[in-house]
Amino acid sequence: MTVVTCVEDLRLLAKKRVPRMFYEYADSGSWTESTYRANESDFGKLLLRQRVAVNMENRSTRTTMVGQEVAMPVALAPVGLTGMQHADGEILAARAARRFGVPFTLSTMSICSIEDVSTALGGDPFWFQLYVMKDRHFIEGLIDRAKSAACSALVLTLDLQIIGQRHKDLRNGLSAPPRLTLPNILNMATKPRWGLGMLGTPRRHFGNIVGHVKGVADMGSLSEWTSRQFDPALSWRDVEWIKDRWGGKLVLKGIQDVEDARLAVDSGADALIVSNHGGRQLDGAQSSISALPAIVEAVGQRIEVHMDGGIRSGQDVLKAVALGARGTYIGRPYVYGLGAMGEQGVTKCLEMIHKELDVTMALCGHTRIDQVDSRILLDVPQEWLARSRPRLEVLSAEKPALAA
Ligand code: FNR
């Protein structure tokens, strides 16, 4: 029996149990992967302040994200093809999240459909992530389907209108379902547990799309399909009509720049996510955690600021909260849990992150996550704020309110 103690253990197990094509789809960034790596390593630049002889009883990590109660400020990020990491992956992850008391966000590019997840949860709410495609009729339909499924927040992703190149996906010929080429068959033969699961489920296509977009039965190459269907002309105007049509809580995902953060505030959204898509889009961009403080400084009083990218532990969650994130998201950590051990693996991932968060918060002398701020950090790298300061000054000159 493998003893699983941390997210890295789940990653190693997933690598053994999931076909290479799908494991590498998760464990990759775009081009040189420098932003993907920086997302994780920049957390190491933040040092925590140890405090002692503080009463550590009665701790709570409970808080809210866009007005919804959460057991800790961690949601499951939208991840495409989750149902290829493990049979019925989205359903299993949604169940684990519900049991734990954190939001699950279903990707537009999921294998299990909105309706599959809704049925599996007995109508309980979850969050839905929207990609905007050229076919607006299809987008309207998707928004309406999310409403009918009682989704309680819409996460609109703004940073993937054209796709960043991920070398491994090209080499592996990523597709869903996988093409039955000799290398794929040989590799899948070494993953019997995964294969049996897949044989036992009818869900092997993009459930939100196949059967809903005319002429799409199967998607050869994901990147090819994306480049044909996703709308490169997406604008803040579209954000406006999506907000109106949706009418519920709206979260804008993929903000890295203070100017875009200001536009997100102007759009009337309820929250924004500081995110670079897990280092899968603009390679050479700054890490997400290093982009967070300037955005909190610029707009944190006017919109709920969330972040994702590189979180691998509860300590990382605590650091993001200390820098002003009101919520965080994990992508790969739960996907590795799923590939490693199915629903139990996602639960394990959430339990480990919760325990790390709870104990580390206490060792920093705090008992309530809502009261954590930057004073629990020894310092914040000044260059993180400094490189955005010129932008902040320009914004302050344009909009006097921002200077306050
Ligand atoms: C993603 N991400 C993503 N985001 C989104 O809005 N829609 C999607 O379909 C996907 N798909 C996707 C697939 C895979 C395999 C990964 C790893 C990521 C990005 C995701 O929501 C989130 O921003 C990152 O995963 C956060 O970084 P970490 O936690 O994975 O480091």
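Here is a chat about the sheet, a helix pair and the pockets.

Reply: Happy to! Keep in mind that this is a predicted model.

Me: Thanks. What is the order of the strands in the open sheet?

Reply: Reading across, the order is E3-E10-E9-E8-E7-E6-E5-E4. That makes an open sheet of 8 strands, and the pairing is parallel.

Me: Which strands stand at the edges?

Reply: Those are E3 (74-76) and E4 (105-106). Each has a single partner strand, so one side of each has no neighbour in the sheet.

Me: And how many bridges join E4 and E5?

Reply: E4 and E5 (residues 127-130) pair over 2 bridges, in the parallel sense. To find one of them, look for Thr105, whose bridge partner in E5 is Trp127.

Me: Which strands does helix H14 touch?

Reply: H14 (residues 288-299) packs on the sheet and touches E7, E8 (271-274) and E9 (304-308). The direction of H14 makes about 175° with that of E9.

Me: New topic: helices. At what angle do H7 and H12 pack?

Reply: About 35°, and their axes are 10 Å apart. H7 covers residues 136-148, while H12 covers residues 236-246. As for handedness, H7 passes H12 in a right-handed crossing.

Me: Which residues of H7 and H12 make the contact?

Reply: On H7, they are Arg136, Ile139, Glu140, Ile143, Asp144, Ala146 and Lys147. H12 brings Asp238, Trp241, Ile242, Arg245 and Trp246. Sorted by class, this contact has 6 nonpolar and 6 charged residues, with no polar ones.

Me: What classes of residue are in the lining of the largest pocket?

Reply: There are 8 nonpolar, 8 polar and 2 charged residues.

Me: And what volume does the second largest pocket have?

Reply: About 280 Å³. Of its 13 lining residues, Leu180, Met188, Trp194, Met198 and Leu199 are the closest to the centre.

Me: Which helix gives the largest share of the lining of the second largest pocket?

Reply: That is H10, with 5 residues. Helix H9 (182-189) and helix H10 (192-199) each supply at least two. By class, the lining of this second largest pocket has 10 nonpolar, 1 polar and 2 charged residues.

Conventions:
Residues are numbered from 1 along each chain as its sequence is written. This is a predicted model: local features need pLDDT of at least 70, side-chain atom pairs count only at pLDDT 80 or more; totals for chains, interfaces and linings use all residues. Side-chain values use heavy atoms; hydrogens and water are left out. Axes are lines fitted to C-alpha atoms, for helices over the stretch in contact, and angles run from 0 to 180 degrees between N-to-C directions. Helices (H or I, at least four residues) and strands (E, at least two) are DSSP runs, numbered from the N terminus. A crossing is left-handed if the near helix is turned anticlockwise from the far one by less than a right angle, and right-handed if clockwise. Contact means heavy atoms within 4.5 Å. Ala, Val, Leu, Ile, Met, Phe, Trp, Tyr, Cys and Pro count as nonpolar, Asp, Glu, Lys and Arg as charged, and the others, Gly among them, as polar. On a 1 Å grid over the protein atoms alone, a cavity is a set of points where a 1.4 Å probe fits but cannot get out, and a pocket is an open set with protein on both sides within 12 Å along at least five of seven lines; lining residues have an atom within 4 Å of a point. Grid points are joined across faces, edges and corners, and a volume is the space filled by probe spheres set on the points. Two strands pair if DSSP finds at least two bridges between them.
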